[in-house]
Amino acid sequence: GDMPPIALYPAAGTSAKNTRAVAKVLALYQRLFPDDDVPFALQPVEGGRQIRFKGESSIMDAAYELRFTGKEIILGTDDASGLLYGLISLAQLLHGARHEPETFQFPVFGTIADQPRYEWRGCHLDVSRHFYPVADVKRLIYILAWNKLNVLHWHLSDDDLAAVISYLKSAKPVDRMQPETSIGPLPRVMAVLGQMDLFPAEKIDHNAPRPPAPVPGPTVEYG
(Lines give C-alpha, C1' and ligand atoms only; values in the text may rest on other atoms or scores of the structure.)
Protein backbone atom coordinates (compact mmCIF):
# COMPACT_ATOMS: atom_id res chain seq x y z
CA GLY A 1 0.00 0.00 0.00
CA ASP A 2 0.92 3.68 -0.02
CA MET A 3 3.46 4.86 2.51
CA PRO A 4 1.95 6.97 5.31
CA PRO A 5 2.81 10.68 5.41
CA ILE A 6 6.03 11.73 7.10
CA ALA A 7 3.98 14.08 9.26
CA LEU A 8 0.80 16.15 9.21
CA TYR A 9 1.00 19.93 9.46
CA PRO A 10 -1.36 22.92 9.54
CA ALA A 11 -2.05 24.53 6.15
CA ALA A 12 -0.84 28.05 5.50
CA GLY A 13 -3.09 30.62 7.13
CA THR A 14 -4.19 28.33 9.96
CA SER A 15 -5.38 30.31 12.98
CA ALA A 16 -3.33 30.49 16.16
CA LYS A 17 -6.09 28.63 18.03
CA ASN A 18 -5.96 25.65 15.67
CA THR A 19 -2.16 25.65 15.64
CA ARG A 20 -2.15 25.52 19.45
CA ALA A 21 -4.52 22.54 19.30
CA VAL A 22 -2.06 20.72 17.00
CA ALA A 23 0.75 21.51 19.45
CA LYS A 24 -1.32 20.12 22.37
CA VAL A 25 -1.99 16.80 20.67
CA LEU A 26 1.65 16.64 19.56
CA ALA A 27 2.74 17.09 23.19
CA LEU A 28 0.31 14.37 24.29
CA TYR A 29 1.71 11.97 21.69
CA GLN A 30 5.29 12.66 22.77
CA ARG A 31 4.40 11.93 26.40
CA LEU A 32 2.85 8.59 25.49
CA PHE A 33 5.28 7.56 22.74
CA PRO A 34 8.56 9.39 23.45
CA ASP A 35 10.58 7.16 21.11
CA ASP A 36 8.27 7.42 18.10
CA ASP A 37 8.46 9.74 15.13
CA VAL A 38 6.05 12.59 15.74
CA PRO A 39 2.72 12.63 13.88
CA PHE A 40 2.55 16.41 13.55
CA ALA A 41 4.82 19.25 12.55
CA LEU A 42 3.99 22.90 13.01
CA GLN A 43 5.64 23.82 9.69
CA PRO A 44 5.35 22.21 6.23
CA VAL A 45 7.56 19.13 5.78
CA GLU A 46 8.52 17.27 2.63
CA GLY A 47 6.53 14.07 2.31
CA GLY A 48 3.87 15.35 4.70
CA ARG A 49 0.20 16.26 4.25
CA GLN A 50 -1.42 19.49 5.25
CA ILE A 51 -4.48 19.83 7.47
CA ARG A 52 -7.01 22.51 6.64
CA PHE A 53 -9.44 23.46 9.37
CA LYS A 54 -13.06 24.30 8.60
CA GLY A 55 -15.82 25.47 10.92
CA GLU A 56 -18.97 23.33 10.77
CA SER A 57 -21.84 25.13 12.49
CA SER A 58 -24.29 22.29 11.78
CA ILE A 59 -22.22 19.62 13.50
CA MET A 60 -22.97 18.35 17.03
CA ASP A 61 -20.95 19.23 20.12
CA ALA A 62 -17.63 17.35 20.34
CA ALA A 63 -18.21 15.89 16.86
CA TYR A 64 -15.83 16.21 13.92
CA GLU A 65 -15.44 15.19 10.31
CA LEU A 66 -12.23 14.24 8.48
CA ARG A 67 -12.23 14.51 4.69
CA PHE A 68 -9.22 13.02 2.93
CA THR A 69 -8.25 14.25 -0.53
CA GLY A 70 -5.18 13.74 -2.64
CA LYS A 71 -3.61 16.98 -1.44
CA GLU A 72 -4.88 17.62 2.07
CA ILE A 73 -6.99 16.61 5.02
CA ILE A 74 -9.95 18.80 5.95
CA LEU A 75 -10.92 18.75 9.63
CA GLY A 76 -14.42 20.11 10.18
CA THR A 77 -15.78 20.81 13.66
CA ASP A 78 -17.61 23.43 15.68
CA ASP A 79 -15.91 23.38 19.08
CA ALA A 80 -12.63 22.85 20.91
CA SER A 81 -13.45 19.27 21.96
CA GLY A 82 -14.22 18.17 18.42
CA LEU A 83 -11.04 19.86 17.25
CA LEU A 84 -8.88 17.91 19.72
CA TYR A 85 -10.69 14.62 19.08
CA GLY A 86 -10.24 14.99 15.33
CA LEU A 87 -6.52 15.64 15.74
CA ILE A 88 -6.18 12.68 18.12
CA SER A 89 -7.87 10.45 15.53
CA LEU A 90 -5.38 11.60 12.90
CA ALA A 91 -2.50 10.81 15.25
CA GLN A 92 -4.00 7.38 15.95
CA LEU A 93 -4.44 6.65 12.24
CA LEU A 94 -0.85 7.59 11.51
CA HIS A 95 0.42 5.65 14.53
CA GLY A 96 -1.39 2.50 13.35
CA ALA A 97 -0.18 2.84 9.76
CA ARG A 98 3.42 3.15 10.95
CA HIS A 99 3.44 0.34 13.50
CA GLU A 100 1.03 -2.18 11.92
CA PRO A 101 1.14 -1.53 8.16
CA GLU A 102 -0.21 -5.00 7.40
CA THR A 103 -3.39 -4.11 9.31
CA PHE A 104 -3.78 -0.34 8.96
CA GLN A 105 -3.27 2.08 6.10
CA PHE A 106 -3.45 5.84 6.41
CA PRO A 107 -6.46 7.04 4.37
CA VAL A 108 -5.78 8.67 1.01
CA PHE A 109 -9.40 9.38 0.09
CA GLY A 110 -12.67 9.20 1.96
CA THR A 111 -14.54 10.70 4.89
CA ILE A 112 -14.70 9.90 8.60
CA ALA A 113 -17.57 11.36 10.64
CA ASP A 114 -17.37 10.78 14.37
CA GLN A 115 -19.11 11.94 17.53
CA PRO A 116 -19.23 10.71 21.15
CA ARG A 117 -21.95 8.19 21.86
CA TYR A 118 -22.03 9.06 25.56
CA GLU A 119 -21.67 12.50 27.14
CA TRP A 120 -19.96 11.05 30.26
CA ARG A 121 -16.93 8.98 29.29
CA GLY A 122 -14.89 8.63 32.43
CA CYS A 123 -12.57 6.68 34.64
CA HIS A 124 -12.54 6.27 38.41
CA LEU A 125 -9.17 6.44 40.18
CA ASP A 126 -9.14 5.55 43.90
CA VAL A 127 -5.99 6.73 45.67
CA SER A 128 -7.42 6.71 49.19
CA ARG A 129 -6.74 2.98 49.62
CA HIS A 130 -4.45 2.31 46.66
CA PHE A 131 -1.28 4.34 46.26
CA TYR A 132 0.35 5.18 42.94
CA PRO A 133 3.46 7.18 41.98
CA VAL A 134 2.78 10.63 40.57
CA ALA A 135 4.21 9.55 37.20
CA ASP A 136 1.64 6.71 36.99
CA VAL A 137 -1.25 9.08 37.73
CA LYS A 138 -0.04 11.48 35.04
CA ARG A 139 0.30 8.67 32.52
CA LEU A 140 -3.25 7.53 33.27
CA ILE A 141 -4.51 11.06 32.53
CA TYR A 142 -2.60 11.06 29.23
CA ILE A 143 -4.10 7.68 28.31
CA LEU A 144 -7.59 8.95 29.08
CA ALA A 145 -7.03 11.93 26.78
CA TRP A 146 -5.63 9.66 24.05
CA ASN A 147 -8.78 7.55 24.21
CA LYS A 148 -11.05 10.65 24.27
CA LEU A 149 -12.40 10.10 27.76
CA ASN A 150 -13.55 13.37 29.25
CA VAL A 151 -14.09 12.76 32.98
CA LEU A 152 -11.63 11.75 35.72
CA HIS A 153 -13.38 10.78 38.95
CA TRP A 154 -10.45 11.06 41.35
CA HIS A 155 -11.23 9.54 44.77
CA LEU A 156 -8.67 11.25 46.97
CA SER A 157 -9.73 10.44 50.53
CA ASP A 158 -12.32 8.68 52.65
CA ASP A 159 -12.11 9.83 56.26
CA ASP A 160 -11.22 13.50 55.83
CA LEU A 161 -13.78 14.15 53.11
CA ALA A 162 -16.49 12.29 55.01
CA ALA A 163 -15.84 14.41 58.09
CA VAL A 164 -16.05 17.63 56.07
CA ILE A 165 -19.27 16.55 54.35
CA SER A 166 -20.91 15.42 57.58
CA TYR A 167 -19.99 18.70 59.31
CA LEU A 168 -21.30 20.86 56.47
CA LYS A 169 -24.56 18.92 56.30
CA SER A 170 -25.13 19.05 60.06
CA ALA A 171 -24.16 22.72 60.53
CA LYS A 172 -26.97 25.26 60.69
CA PRO A 173 -27.24 27.53 57.64
CA VAL A 174 -26.12 31.12 58.07
CA ASP A 175 -26.97 34.23 56.13
CA ARG A 176 -24.01 36.36 57.14
CA MET A 177 -20.25 36.19 57.44
CA GLN A 178 -18.75 35.54 60.85
CA PRO A 179 -17.03 38.62 62.34
CA GLU A 180 -13.27 38.52 62.67
CA THR A 181 -12.28 37.25 66.12
CA SER A 182 -10.06 39.25 68.47
CA ILE A 183 -8.91 39.09 72.09
CA GLY A 184 -10.54 41.73 74.29
CA PRO A 185 -9.12 43.50 77.38
CA LEU A 186 -10.36 40.96 79.95
CA PRO A 187 -8.82 37.89 78.27
CA ARG A 188 -5.57 39.82 77.85
CA VAL A 189 -5.47 40.58 81.60
CA MET A 190 -6.28 36.96 82.40
CA ALA A 191 -3.46 35.83 80.10
CA VAL A 192 -0.98 38.13 81.87
CA LEU A 193 -2.10 36.75 85.28
CA GLY A 194 -1.64 33.21 84.05
CA GLN A 195 -5.34 32.43 84.09
CA MET A 196 -5.57 31.84 80.32
CA ASP A 197 -2.97 29.99 78.28
CA LEU A 198 -2.30 31.66 74.94
CA PHE A 199 0.27 30.44 72.45
CA PRO A 200 1.10 31.03 68.76
CA ALA A 201 -0.85 28.96 66.27
CA GLU A 202 2.46 27.57 64.97
CA LYS A 203 2.77 25.59 68.20
CA ILE A 204 -0.35 23.54 67.54
CA ASP A 205 0.51 19.84 67.42
CA HIS A 206 -0.83 18.71 64.07
CA ASN A 207 0.24 15.15 64.85
CA ALA A 208 -2.02 14.87 67.86
CA PRO A 209 -4.64 12.08 67.75
CA ARG A 210 -7.75 13.10 65.89
CA PRO A 211 -11.34 12.22 66.79
CA PRO A 212 -12.47 8.97 65.18
CA ALA A 213 -13.92 9.31 61.69
CA PRO A 214 -17.65 8.67 61.30
CA VAL A 215 -18.62 5.13 60.40
CA PRO A 216 -19.55 4.86 56.69
CA GLY A 217 -23.29 4.67 56.26
CA PRO A 218 -26.45 6.65 55.52
CA THR A 219 -26.15 8.86 58.61
CA VAL A 220 -25.86 12.58 59.27
CA GLU A 221 -22.44 12.02 60.79
CA TYR A 222 -21.09 10.34 57.66
CA GLY A 223 -22.82 12.66 55.20
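**Helix packing and salt bridges in a predicted model**

Asn18 is buried, at a relative accessible area of 12%; buried here means under 20% relative accessible area, exposed means over 50%, and partly exposed is anything in between (1.4 Å probe, protein chains only). This is a predicted model, in which local features need pLDDT of at least 70 and side-chain atom pairs count only at pLDDT 80 or more, while totals for chains, interfaces and linings use all residues. Residues are numbered from 1 along each chain as its sequence is written, and side-chain values use heavy atoms, with hydrogens and water left out.

Asn18 sits in helix H1. Leaving aside residues up to four places away in sequence, Asn18 touches Phe53 and Leu83, where contact means heavy atoms within 4.5 Å.

Now for the overall layout. The protein chain has five helices and seven strands, both taken as DSSP runs numbered from the N terminus (H or I and at least four residues for helices, E and at least two for strands). Reading from the N terminus, the order of elements is β-α-β-β-β-α-β-β-α-β-α-α. Of the 223 residues in the protein chain, 28% count as buried. Among contacts between residues at least 6 apart in sequence, 65% join residues at least 24 apart.

Back to helix H1 and its partner. H1 (residues 16-32) packs against H2 (residues 80-99) at an angle of about 45 degrees, and the two axes are 10 Å apart. That makes H1 oblique to H2. The axes are lines fitted to C-alpha atoms, for helices over the stretch in contact, with angles running from 0 to 180 degrees between N-to-C directions; under 35 degrees counts as roughly parallel, over 145 as roughly antiparallel, 65 to 115 as roughly perpendicular, and the rest as oblique.

On the H1 side, the contact is made by Asn18, Ala21, Val22, Lys24, Val25, Leu28 and Tyr29, which meet Leu83, Leu84, Leu87, Ile88, Ala91 and His95 of H2. These residues split into ten nonpolar, two polar and one charged. In this scheme Ala, Val, Leu, Ile, Met, Phe, Trp, Tyr, Cys and Pro are nonpolar, Asp, Glu, Lys and Arg are charged, and the others, Gly among them, are polar.

Then there are the salt bridges, three by count, each a side-chain nitrogen of Lys or Arg within 4 Å of a carboxyl oxygen of Asp or Glu. Glu72 pairs with Arg52, with 2.9 Å between the closest N and O atoms. Glu72 belongs to strand S4 (residues 72-77) and Arg52 to strand S2 (residues 49-55), so this bridge ties together parts that are 20 residues apart in sequence. Glu72 is buried, at a relative accessible area of 12%, whereas Arg52 is partly exposed at 36%.

Arg67 turns up in a salt bridge with Glu56, their closest N and O atoms being 3.4 Å apart. Since Glu56 lies in the loop between S2 and strand S3 (64-68) and Arg67 lies in S3, the pair ties together parts that are eleven residues apart in sequence. Arg67 also meets Glu65 in a salt bridge, at 2.2 Å from N to O. Both Glu56 and Arg67 are buried, Arg67 with a relative accessible area of 19%, while Glu65 is partly exposed at 23%.
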